[in-house]
Structures are given as structure tokens and as C-alpha cells.
Amino acid sequence: RLGDDVMGEDPSVLELEEHMANLFGKEKALFVPTGTMANLVALLAHCHTRASEVIIGQESHLCLWEGGHAAGLGGIHTRQLPEDEFTAELNPEQVKDAVRDASDD
């Protein structure tokens, strides 16, 4: 039996969402068919207004391959910082310095 997953009618999708919610101890889960869509959903969940900014690595997948989606679809600006060449970690001090506040006008 198949249904329209957008309308909440597809039993396979409903079962998968319920299983994942239970697995992670959450009330609900949301199935998205691509990693790109999942990344955009995550950004939109954390950036509540247009012209929000997210700090990302300058060599990250999001920056190199999906950066335009954040801006074009979500109105989210990306601020890129260099990552450690071996671990891809961001320097905590650089992240702290990159966070904008009201004094940055």
C-alpha cells in the first residue's frame, strides 16, 4: 500500500519516521530524501529569521557544494572560517571572534 508522504499517507514513510523517533527518544521524526534537503532543514531550524548567519568551515561540504542553498532558499548568510588541515575542526577562538553582536554595526 502506498500513499502521498507529503499528506502523511505513506505507511512506509510513517513507519520509518516512527522507528527513528523511538530510536532517538524523540516525539517525532521527519524523513527527507536527500542530504542536501536535510542540511537545509537543519539550517532553517536553527536560523529563525532571514539574514541570519551561520559559521561554517571554508572547505566544508556545505560551503563548497550547498552554500547557495542556504542563502537562496533560507536567506541565511554563511561566514566561512579556515579549518584545521587534518581534523577539519574550527578553532574555538576564531569561532568566538566571528560571532556577531549588536556592537558589530
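**Disulfides**

I looked for disulfides, meaning pairs of cysteine sulfur atoms within 2.5 Å, and the structure holds zero. Cys47 is in no disulfide, and its nearest cysteine sulfur belongs to Cys63, 15 Å away. A disulfide is a covalent bond between the sulfur atoms of two cysteines.

**What I am reading**

This is a predicted model, where local features need pLDDT of at least 70, side-chain atom pairs count only at pLDDT 80 or more, and totals for chains, interfaces and linings use all residues. I number residues from 1 along each chain as its sequence is written, and side-chain values use heavy atoms, with hydrogens and water left out.

I checked pLDDT, the predictor's confidence in each residue, from 0 to 100. The protein chain averages 91, and 97% of the residues score at least 70. Helices (H or I, at least four residues) and strands (E, at least two) are DSSP runs, numbered from the N terminus. Confidence is lowest in helix H4 (residues 67–74), at a mean of 88. It is highest in helix H5 (residues 92–98), at 96.

**The core**

Next I looked up nonpolar cores: sets of buried Ala, Val, Leu, Ile, Met, Phe, Trp, Tyr and Cys residues joined through side-chain atoms within 4.5 Å. Buried means under 20% relative accessible area, exposed over 50%, partly exposed in between (1.4 Å probe, protein chains only). The largest core has seven residues: Leu43, Cys47, Val54, Ile56, Leu62, Ala70 and Ile76. Cys47 has a relative accessible area of 12%, so I list it as buried. In soluble globular proteins, nonpolar side chains tend to be buried together.

I then followed Val54. Leaving out residues up to four places away in sequence, Val54 touches (heavy atoms within 4.5 Å) Leu43, Ile76, His77, Thr78 and Arg79.

**Two serines**

I found Ser52 in the loop between helix H2 (35–46) and strand E1. Is Ser52 buried or exposed? Ser52 is buried, at 14%. I noted a polar contact, a pair of N or O atoms within 3.5 Å; within protein, one must be able to donate a hydrogen and the other to accept it, and residues adjacent in sequence count only if both atoms are side-chain atoms. The side chain of Ser52 reaches the backbone oxygen of Thr49 at 2.6 Å. Beyond four places in sequence, Ser52 touches Cys47, Gly75, Ile76 and His77.

Ser60 sits in the loop between strand E1 (53–57) and helix H3 (61–65). Ser60 counts as buried because its relative accessibility is 19%. Its side chain reaches the backbone oxygen of Gly57 at 2.8 Å. I also compared Ser60 with Glu83: they are 23 residues apart in sequence, and 8.5 Å apart in space, C-alpha to C-alpha.
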